[in-house]
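Let us go through this model by question and answer. Keep the sequence and the coordinates open side by side.

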Amino acid sequence: MSSVHATRTGGARAPVGRDDQLRTAEQVLRTDSVQVVGMPGTGVTALVETVVRRRADAGHPVLRVPPSPWSPRPTTPLEQVGTLLSHTDSPTVVVDDAHLVPVPDLEALLAAVEGRGGRVVIGVHPGDLVDRDIVHLPGLPRDAVRRLLESALGHRPGLSEELLVAGLARVTRGHVSHLRALLEPEVLRVLAGLAAREQDLDALRTPFADALATRTHATLADLDEDSRLAASIVAVAGPHAPGALLDAAAGIDQLARAREARLLERHGETHRYRHAAVRDLVRRSLPVDVLAEARWRLGVGAQATGLHHAPAGVF
């Protein structure tokens with residue numbers, strides 16, 4: 001039951017560029033459950049979390065049921081909620097990354113929660129799963145890109161920096177994870193220098209598109225071999241891998257070095273990539289032998305920590 005808990009938070013600000021979608025989601029939740037749907041990197045989790053925090057601030061009990069594809073046995077969301085649901089009136093239940101949950105299990109959860117006068121907030125990509133209202137997340141508009149750049153720069157972009165705004169909007173297509181990765185100081189300095197020298201958006205397309213891969217591969221190259229493997233293992237395991245599994249498969253010291261290199265960050269008791277776009281880039285670029293080694297290490301680690309049910313596609 002440790003993955004299910006009541007949530008109470010302070011005031012929640014809307015993610016940049018998502019005012020309309022947030023307003024729609026909140027309107028839907030007055031009468032029904034809602035699905036927040038978007039491609040990976042468009043900010044589905046951020047919007048779901050904002051909706052949830054506002055529900056909690058308004059006095060609604062919130063039960064969080066994260067998908068747990070790494071587990072001793074397959075566990076449905078309804079089993080995870082268990083006793084808490086039976087003792088909670090009008091709850092808001094959160095299931096993010098719901099594409100990892102079989103549709104019949106999700107429908108059973110919806111029926112149980114709505115039977116108690118509650119609502120389910122579902123985050124999913126890239127398509128709707130159940131017959132409930134959908135809030136679609138497109139890529140961020142350019143004005144939102146400009147506001148995020150302003151936050152990263154510490155000042156409002158001037159006329160000389162509008163080419164940087166346009167380049168970021170074009171290469172990321174408004175995908176939040178990719179954009180935030182490019183706004184890391186080391187990458188942003190390079191992009192700003194390119195935009196200042198070139199002054200032609202078409203000529204900047206390729207270097208802007210290559211910037212994240214160039215920085216990520218340089219960071220990996222600076223790591224020792226074991227720490228590079230640790231970063232690869234985290235990429236393969238996915239964002240919901242338990243900390244004990246990653247410690248066993250990748251090594252505590254190796255994970256720490258990947259964290260010091262700003263590839264990874266601590267998330268509760270486990271590790272995840274600072275940016276999903278970087279995680280996906282690393283996973284896509286893994287050589288066959290490194291991918292095989294990462295999967296083997298995860299298999300050994302899963303056996304050592306008593307985990308038998310793993311995400312599809314890992315093994």
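**A buried glutamine**

The side chain of Gln-35 reaches the backbone oxygen of Val-130 at 2.8 Å. This is a predicted model, where local features need pLDDT of at least 70, side-chain atom pairs count only at pLDDT 80 or more, and totals for chains, interfaces and linings use all residues. Residues are numbered from 1 along each chain as its sequence is written, and side-chain values use heavy atoms, leaving out hydrogens and water.

Student: Which backbone nitrogen lies 2.8 Å from a polar atom of the Gln-35 side chain?

Tutor: Gln-35 is found in strand β1 (residues 34-38). Its relative accessible area is 0%, and buried means under 20% (1.4 Å probe, protein chains only). The backbone nitrogen at 2.8 Å belongs to Leu-129.

Student: Within what arc do the buried residues of α3 fall?

Tutor: In helix α3 (residues 77-86), the buried residues are Pro-77, Gln-80, Val-81 and Leu-85. Helices here are DSSP runs (H or I, at least four residues). The arc is taken from the directions from the helix axis to the C-beta atoms. The buried residues of α3 line one face of the helix, because they fall within an arc of 110 degrees.

Note on methods:
Buried means under 20% relative accessible area, exposed over 50%, partly exposed in between (1.4 Å probe, protein chains only). Helices (H or I, at least four residues) and strands (E, at least two) are DSSP runs, numbered from the N terminus. A polar contact is a pair of N or O atoms within 3.5 Å; within protein, one must be able to donate a hydrogen and the other to accept it, and residues adjacent in sequence count only if both atoms are side-chain atoms.
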